[in-house]
Amino acid sequence: VQLVESGGGLVQAGGSLRLSCAASGIILSIHAMGWYRQAPGKQRELVAATTSGGSTNYADSVKGRFTISRDTAKNMVYLQMNSLKPEDTAVYYCNADIVTSLLKRQDYWGQGTQVTVSS
């Protein structure tokens, strides 16, 4: 199984970016999918997550600005980021809880995509 992110880049404060993450490989089902971020010198933190049932969860710092969505048929998850702030600068990682066989279910991570917000 592989998770591949795309959509990061450099944007000015107040701008928008849309991150995408595609899961590929032998996948029976995907439970939660989410986005985490890690800024230099800081711990990795949850940004947003969505369950297979459609529930969503956001970090307080991004509520009202970021929106997570999911295309179950394509095994993809997206993060629409609006009103970006310099403090949103970080490497953003895709995460998914994936069932690959009747006996195997585990967390997978993407390689990360850099988001830089200039002031």
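1. Start with the secondary structure of this predicted model: the protein has 11 strands and zero helices. Read from the N terminus on, its elements run β-β-β-β-β-β-β-β-β-β-β.

2. Next comes the overall form. The C-alpha trace spans about 50 × 25 × 25 Å along the principal axes of the protein. The radius of gyration is 14 Å, which agrees with the value near 14 Å that a compact globule of 119 residues would have.

3. How much of the chain is buried, and what does the surface consist of? Of the 119 residues, 41% count as buried. The accessible surface comes to about 6,300 Å², and carbon and sulfur atoms hold 49% of that area.

4. Among contacts with a separation of 6 or more, 55% are made by residues 24 or more positions apart.

5. A word on charge. The protein carries 11 positive side chains and 8 negative ones. The centres of these two sets lie 2 Å apart.

6. Now please go to strand 9, which covers residues 90-101 and includes T100. Is T100 buried or exposed? The relative accessible area of T100 is 15%, so this residue counts as buried, the limit being under 20%. Leaving aside neighbours within four places in sequence, the contacts of T100 are V1, I26, L28 and Y108.

7. D97 is also placed in strand 9. With a relative accessible area of 14%, D97 is buried. Beyond the residues up to four places away in sequence, D97 touches S29, I30, H31 and A32, and also R105, Q106 and D107.

8. R105 sits in strand 10, made up of residues 104-109. Apart from residues up to four places away in sequence, R105 touches H31, D97, I98 and V99. For a sense of distance, R105 and E45 are 60 residues apart in sequence, and their C-alpha atoms are 22 Å apart in space.

9. A13 belongs to the loop between strand 2 (9-12) and strand 3 (17-24). Its relative accessible area is 40%, and A13 is therefore partly exposed, a class that lies between 20% and 50%. How far is A13 from Q2, C-alpha to C-alpha? The two are 11 residues apart along the chain, and 32 Å separates their C-alpha atoms.

10. The loop between strand 7 (66-71) and strand 8 (76-81) deserves a visit, and N75 is one of its residues. N75, by contrast, is partly exposed at 23%.

11. A73 and L102 are 29 residues apart in sequence, with 20 Å between their C-alpha atoms.

12. Finally, please check two backbone angles. Most residues other than glycine have a negative phi. N75 has a positive phi, near 55°. S83, in the loop between strand 8 and strand 9, has a positive phi near 50°. Is S83 buried, partly exposed or exposed? S83 is partly exposed, with a relative accessible area of 41%.

Conventions
Residues are numbered from 1 along each chain as its sequence is written. This is a predicted model: local features need pLDDT of at least 70, side-chain atom pairs count only at pLDDT 80 or more; totals for chains, interfaces and linings use all residues. Side-chain values use heavy atoms; hydrogens and water are left out. Helices (H or I, at least four residues) and strands (E, at least two) are DSSP runs, numbered from the N terminus. Buried means under 20% relative accessible area, exposed over 50%, partly exposed in between (1.4 Å probe, protein chains only). Contact means heavy atoms within 4.5 Å. The radius of gyration is taken over C-alpha atoms; the globule rule is 2.2 Å times the number of residues to the power 0.38. Accessible areas come from the Shrake-Rupley method with a 1.4 Å probe; for residues, only the protein chains shown count as cover. Lys and Arg count as positive and Asp and Glu as negative; His and the chain ends are not counted. The place of a charge is taken as NZ of Lys, CZ of Arg, CG of Asp or CD of Glu.
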